[in-house]
Amino acid sequence: MASSSSSTFALSSSSTLLDSKAPRQSASPSSTVPLPTLPSPPPPSTQIRSWKSTAYCRKIARNVMAMATGEVPAEVATAEMAELPEIIKKVQEAWDKVDDKYAVSSLAVSGFVALWASAGVVSAIDRLPLIPGLLELVGIGYTGWFAYKNLIFRPDREALLQKLRETYNEVIGSS
């Protein structure tokens, strides 16, 4: 039974609330457990935050209305052009030079699908028992063999570099 006259609440123990597996103890009706009171809620200091978010929302709404009508505000247009990094500008220029945009787009999509499919295959192989460890040993062995054959001795290293330069020139088409 709870006492409502004080600021702390009290809970009285009752024999009906005891666990059936716990040993029964006789509960005295006067034993109570005081509960602490909750702290008062903080004062509303979110007025500054709500003012800032309201101003931001108004700015977004103004931009959306301007874009819906087709006119672009000067501040938005200059801000967007100033924020573009150099690499995006180069990519846009390269895209403008492309004649067959359909083929390039198809190659990009098919490359993404191939990457996604190969990730699925690697994930499936990785879940098989013993296969990942075996493939790791094969990779370590091949790396050791390649280093011994092409990187340790100077003539072999020079031959490898010459072969890499020739392959690069064949792909690029210039010296």
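UniProt positions are given here in the numbering of this chain, with feature names shortened, and such annotations may be inferred rather than shown by experiment. With that caution, the unreviewed UniProt entry places the feature "transmembrane region" at residues 102-124 and 130-148. The structure is a predicted model, in which local features need pLDDT of at least 70 and side-chain atom pairs count only at pLDDT 80 or more, whereas totals for chains, interfaces and linings use all residues. Residues are numbered from 1 along each chain as its sequence is written, and side-chain values use heavy atoms, with hydrogens and water left out.

**Overall fold**

- The protein chain has 6 helices and 2 strands, where helices (H or I, at least four residues) and strands (E, at least two) are DSSP runs numbered from the N terminus.
- Along the sequence these elements follow the pattern β-β-α-α-α-α-α-α.
- Buried residues make up 4% of the 175 residues in the protein chain, with buried meaning under 20% relative accessible area, exposed over 50% and partly exposed in between (1.4 Å probe, protein chains only).

**Annotated spans and helix 6**

- Residues 102-124 are 100% helix and 0% strand, and the end C-alpha atoms of this span lie 33 Å apart.
- Residues 130-148 are 95% helix and 0% strand, with end C-alpha atoms 27 Å apart.
- Helix 6 (residues 154-172) has 19 residues and should span 27 Å at 1.5 Å a residue, which agrees with the 27 Å between its end C-alpha atoms; the expected span is 1.5 Å times one less than the number of residues.
- Glycine 173, which follows helix 6, has a positive phi near 90 degrees.
- Leucine 161 lies in helix 6 and is partly exposed, at a relative accessible area of 41%; its C-alpha is 9.5 Å from that of asparagine 150, at a sequence separation of 11 residues.

- Leucine 128 sits in the loop between helix 4 and helix 5 and counts as partly exposed at 44% relative accessibility.
- Leucine 130 also belongs to the loop between helix 4 and helix 5, counts as exposed at 75% relative accessibility, and has a positive phi near 70 degrees.
- Most residues other than glycine have a negative phi.

**Aromatic contacts**

- Rings of Phe, Tyr and Trp (its six-membered ring) pair if their centres lie within 6.5 Å, and planes under 30 degrees apart count as stacked, over 60 as edge-to-face and the rest as tilted; by this rule there are 3 aromatic pairs.
- The rings of tyrosine 148 and phenylalanine 153 are edge-to-face, because their centres are 6.3 Å apart and their planes stand at 75 degrees.
- Tyrosine 148 is exposed, with a relative accessible area of 53%, whereas phenylalanine 153 is partly exposed at 43%.
- Tyr142, Trp145 and Phe146 form one aromatic cluster.
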